[in-house]
Amino acid sequence: MKAAVVRALGEPLVIEDRPDPEPGPGQVRVRVEASGLCHTDIHAAHGDWPVKPAPPFVPGHEGVGIVEKLGAGVTHLVLGQRVAVPWLGKACGRCAHCLSGWETLCESQVNTGYGCDGGYAEKMLAWADFAQPVPEGVSALDAAPLTCAGVTTYKALKVADVRPAQLVAISGVGGLGHLAVQYAKIAGARVAAIDVTDDKLVLARELGADIVIDARTQDVGAELRRHGGAHAALALAVHPAAFQAVNSGLRRGGKLVMVALPADGTLQLPIFDTVLNGTSVIGSIVGTRQDLAEVFQLHAEGRTKVIRESRPLAAVNDCIDEVLRGHVKARIVFDLTTGG
Ligand code: NAD
Ligand code: ZN
Ligand code: ZN
């Protein structure tokens, strides 16, 4: 089977032929149909973060495909079933975080495409308990971006406790942001979308944003304050300055939810304003299996739209460049069914 492999951090990925992986106890082998390119995969391949993955590894945590082999003890998945394999590859199931519905904070978790091989491959392994069944009516190409971009932003809005009639700022209308706009609308909020490309601002409007702000030419904080200030702001753009800008547009009592993970990841917060305005800063990491089930349900009900461009896996390095240059409409999805 073919896989796109990071052999050294910061180097282009290499397409390799590898033997099909054998599922161990509790695992399944998935024949990947579609695999999304999350900006996190670029951070992984570049070794951007303090905790680095160990090459060689296969990135990808938006892999979706068909279960084709069951490891020992797997009883609840069946051959031929479509599943998604998210970032949360496995958690312990026993710690206080797991037991309290916060499996995403488990300290023993294994992350797909980071701590174990991921979805940039024709075949991959998944722990059966964390492989998410994809409902009828949700295509593999749509399910892929929902598996990280969808669940992460859906969860971030839950974390922000967004209520109808609130103003929610979505900073960065990329893979994550284009879904965030839609979930914020579903939650009943008024949405201000912020980006630095014309295409993304047009897309945000098409997806329901009430206000669009061009961070190249407009003062993001002042614009948001002019509209009353944001009750919640999701920081999805991969630049600390974008966090700063959107934070300054919170209303009193507002919440900044940090989601993007820029390499130079330090945010300077004005203590005086934070205290006097009673604002909060919250980190949010992906979402649980239940969150992903809800994301798939919403899509199956026709309430969300995935904006994607499909590409062959062989184009992986060009695709990474396109994301970094901001030339992608929202999400690139590798189509593994074409044999390219
Ligand atoms: P992306 O590249 O698809 O989207 C980023 C968007 O930000 C683009 O539309 C870009 O035009 C826009 N942008 C750039 N500069 C901006 C600025 N100054 N102001 C406003 N917008 C600006 O990336 P993505 O796949 O959506 O991922 C975004 C980030 O989220 C990455 O850092 C990724 O690692 C991180 N991430 C975090 C989690 C989590 O659980 N916390 C999950 C998935 C991804
Ligand atoms: Zn991701
Ligand atoms: Zn745990």
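1. Ground rules. Because the model is predicted, local features need pLDDT of at least 70 and side-chain atom pairs count only at pLDDT 80 or more, while totals for chains, interfaces and linings use all residues. Residues are numbered from 1 along each chain as its sequence is written, chains are lettered from A and ligands numbered from 1 in the order in which they are written, and side-chain values use heavy atoms, with hydrogens and water left out.

2. C38 sits in the loop between β3 (27-36) and α1 (39-46) and C148 in helix α3 (residues 140-159), so the two tie together parts 110 residues apart in sequence. (Helices are DSSP runs of H or I, at least four residues, and strands are runs of E, at least two, numbered from the N terminus.)

3. How covered are the cysteines? C38 is buried at 3% relative accessibility, and C148 is buried too, at 5%. Buried means under 20% relative accessible area, exposed over 50%, and partly exposed in between (1.4 Å probe, protein chains only).

4. Who surrounds ligand 1? There are 30 residues around it, and H39, T40, D195, V286 and R331 come nearest; a residue is near if one of its heavy atoms lies within 4 Å. The shell divides into 18 nonpolar, 9 polar and 3 charged residues. (Ala, Val, Leu, Ile, Met, Phe, Trp, Tyr, Cys and Pro count as nonpolar, Asp, Glu, Lys and Arg as charged, the others, Gly among them, as polar.) Helix α1 gives the largest share, 3 residues.

5. Backbone contacts to ligand 1. Nitrogen atoms of ligand 1 lie 2.9 Å from a polar backbone atom of V259 and 2.9 Å from one of S284. An oxygen atom of ligand 1 is 3.3 Å from a polar backbone atom of G174. The protein covers 90% of the 870 Å² of accessible area that ligand 1 has on its own (Shrake-Rupley method, 1.4 Å probe).

6. One more residue. T112, in the loop between β7 (110-111) and β8 (123-127), is buried at 2% relative accessibility.

Note on methods: A polar contact is a pair of N or O atoms within 3.5 Å; within protein, one must be able to donate a hydrogen and the other to accept it, and residues adjacent in sequence count only if both atoms are side-chain atoms.
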